[in-house]
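The exercises below are meant to be worked through with the sequence and the model side by side. Try each task before reading its solution.

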Amino acid sequence: MASKEIKLMAHLMRRAGFGASRGRLDELVEQGYDETVESMLSAIDRPTRITDNLIRRYHPEYSGMMGNQSPSGNWMYRMVSTDAPLREKVGLMWHGMFATGYSKLANGKVLHDQIRMFERHGMGSFKNLLMELSRDPAMIVWLDNSENHNGSVNENYGRELLELFSMGVGNYTEHDVKEAARAFTGWTIGNTEYMTLKSARDSVWPYGRLSFHFEYKEHDHDNGEKEFLGHKGNLNGEDIVDIICKQPATAAFLSRHMYSFFVADEPPVPEWPYKEPRDPEAIAALSKVYFDSDYNVEEMLRFLFKSEFFKSEQARYQRVKSPAELVAGVLRLTGEFDRPKVDMNPTNLQSTYMGQWLLNPPSVEGWHWGTEWIDSGALVERVNFASERLGNIESPGVQTLIDRILSDSNGGLNAEELVERALDELSVGDISDKTRSALVEFAEVQVNQSDSGNAGPEQVANVLKLVGATPEFQRA
Amino acid sequence: MVTAQHKPSLIVIQLSGGNDAMNTVVPYTNGIYHDSRKAIHLTEHNVIDLNGTLGLSPSMGPMKSLWDAGKLAIVQGVGYPQPNRSHFRSMDIWHTAESDHIANSGWLGRTIRELDPEAKNVITGINFGRGLPRALHAKGVPVASVGNLETYGLMPDIADRMTREMAVDVFARMYGPDDTRDAMLQAISETGMGAYLGADILRTAPAQYSSSIEYEGVPIAQSLRDISQVLLADVGTRVFYTQHAGYDTHAGELENHAKLWHELSTAVNDFIADLEEHGRGDHAVVMIFSEFGRRIRDNGSGTDHGSGGVAFVLGNPVKGGLYGEYPSLDPSEQLEGDMKFNNDFRGIYATVLDQWMGINPQEILNKNYEQFDMIRR
């Protein structure tokens, strides 16, 4: 049985990362909870530069430069191999919140660049992040700010900036939307003509190492007087972001996203105006840190991971794993991608089959999370993927799991012990009696079938497989 | 014609990559066609003539038999306003039936919801392929994705039959009803039970099936055989979806395009014959579409992305013939070097929904589109 400390550490690692092996959890408990939080917050992925070069030379299909699979395959490899998993988790949060997709852009490089931008700026100041986002070429094309001209306003970016990226619906007027859009006129793409020509001529290999780039065109900017959320003047995009960041609505909206992503699933955003948060006090406390720290995301995360509402039993297993989290978590355990390998892209497609095509969300609203991840087709994919990989005796990580389970046995595990150890190794706790008894029955048959009367590697693998197929494994 | 027991089904085949409409339904008497397609034109000597001015690609012989039987409708000049030449965006527009903004549900997902609002049957809609195309996606609508019907189901990687049966049995127990679970786990386990039941039903389809038709070994033929098996098993599936890929013929078009259409025409003809053999030809309509057509002028060995495509609707219930007009190839009538669309693709959706599936198309498409008189009543 795992101790209280192990269970808490496993919870932290499932949320701030993609889970951790039981062996790693022991080390982290030794290190201490607060220290682990600190090391997660400060970690930077050092070997990245080397693996980037390896990938670019030997696996250009997921270098991030080419078509639609390339940037998402690249990101999945990063999630699976990184020493700084929190950075990738935060990137996933921003990708969900600032959802930008290939379906419209038809350009992999520019999306790859956006995700790397989240990695660089995603844990700093939220204000800076919104500024980077407003200058991000993928976002500008995605939400038509390149069509937002002085005298001919396109409201798309102005609206979503308020509605989906910062304050949430109900906290501003239609007039504010128009004025925000005016303030962002002239924030555009510098090489549109070239890129349009390229994409009209080619389809498969159009982009090489080129990408859209941002340009501020002063002559196309509306320098007239504007009024936004009560502030008057010749406001530009920077002023809009500045005013947005000062709003309590922004603090609450961002805090609720963070709570939902790291603590417990909230309903999808469209329901927020009508449903109270699960824990309004937690949202208030996070909002306070937001203002006290000058909108610093890292400070908010530090507070969150050390808070009672995060550590509490009530928060355990209260999130449904997103497909990307599930795939990355399983692959980190199996150790299949300890270095760049050729089958990264087909493996990353598993996340698409489960309903999350990274870098191609269904719309700017992003994916609906929680139990909405799980429809019957997606569940079959999730179960089949996890059970196949976790039961594959050839994988180095699975061998380690089996060795650890068997080395504990002291002359043979009975069915209950075997199930207990498998659940523990895969960090699946809080399991219902129904699931447990079904697993134990399966394990009994496995143990009885083995020649020695004791579970061997194959039987352990079969039990790991079934743990990967449980309803409980779907949660984080 | 359609009995209560055999409700109308729709089979949608997506041609991925942008099918070259001009080399599919060829304006072989038009001088502009020959001038523009110096490298890859088809001539009066090899096209399969339809009406003295248009002919099918020579590889489409089996489709010609459907045409002769009056079961093949060809819709010309298909597209939508402000055509997009990106595969992804254009496919997305066809999937969501929304060309102005990014929509988040698919037209067939909405159709399945209309057919089975309480999601009582988890296999009202089935995709034959991996991963759900956006066309089939809609919130709360269960759709099975079947890669291969023979192996479809839970934990197909377990080689030992006894072990797999036991594993699937344990799965059913783990996902069975349990009041002590919290709301999240209950939702997950209910969905799991649906997946288990769907897989269990689909498992029986191949065993019940026998037919004199021998489908070819290529994926599109195998998918249509799988669809036939499920349709004939009468398990309540109304919407079937599959894809045939490879139509992005920038190079080597004559050879590649002919191969694709040979595969597809043969498979479709076999499929219709299979249904006929089982007395079920009156219960299914097949629709074939692609995200866009291709440039009028060739590029020396193939064609680049264009607009103005061609779609097909076929089956016993379909009134065969040409629908709409072939877009003019006159340079003054071209749209940036492409055929200009003159039929909104949503008119085909509306036709099929209203006249075949018995669904109010406005519920699905949010707007009225002009229909064709295409389905026998």
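**Exercise 1.** Which residue in β4(B) is the bridge partner of B:Asp49?

*Solution.* The model is a predicted one, in which local features need pLDDT of at least 70, side-chain atom pairs count only at pLDDT 80 or more, and totals for chains, interfaces and linings use all residues. Residues are numbered from 1 along each chain as its sequence is written, while chains are lettered from A and ligands numbered from 1 in the order in which they are written. Helices (H or I, at least four residues) and strands (E, at least two) are DSSP runs, numbered from the N terminus. The partner of B:Asp49 in β4(B) is B:Gly55. β3(B) and β4 (residues 55-56) of chain B pair in the antiparallel sense over 2 bridges, where pairing requires that DSSP finds at least two bridges between the strands. Widening the view, these strands belong to an open sheet of 3 strands with the order β2-β4-β3 (chain B) and antiparallel pairing. Because β2 (25-26) and β3 (48-49) of chain B each have a single partner strand, they stand at the edges, and one side of each is left without a neighbour in the sheet.

**Exercise 2.** Find how many residues of helix α3 (residues 87-96) of chain B are buried, and what covers them.

*Solution.* A residue counts as buried if 20 or more other C-beta atoms lie within 10 Å of its own, as exposed if 12 or fewer do, and as partly exposed in between, with C-beta atoms placed from the backbone. By this rule 9 of the 10 residues of α3(B) are buried, among them B:Trp94 and B:Ile93. Their cover includes α7 (102-105) of chain A, together with α4 (107-115), β9 (284-290) and α9 (345-357) of chain B. Just after α3(B), B:Ala97 takes a positive phi of about 60 degrees.

**Exercise 3.** Describe the surroundings of A:Leu390.

*Solution.* Begin with its place in the chain: A:Leu390 lies in helix α21 (residues 376-390) of chain A. A:Leu390 is buried, because 26 other C-beta atoms lie within 10 Å. Leaving aside neighbours within four places in sequence, its contacts (C-beta atoms, placed from the backbone, within 7 Å) include A:Val330, A:Leu333, A:Leu464 and A:Gly468. Finally, compare sequence with space: A:Leu390 and A:Gly468 are 78 residues apart in sequence, and 6.8 Å apart in space, C-alpha to C-alpha.

Note on methods. Two residues are in contact if their C-beta atoms, placed from the backbone, lie within 7 Å.
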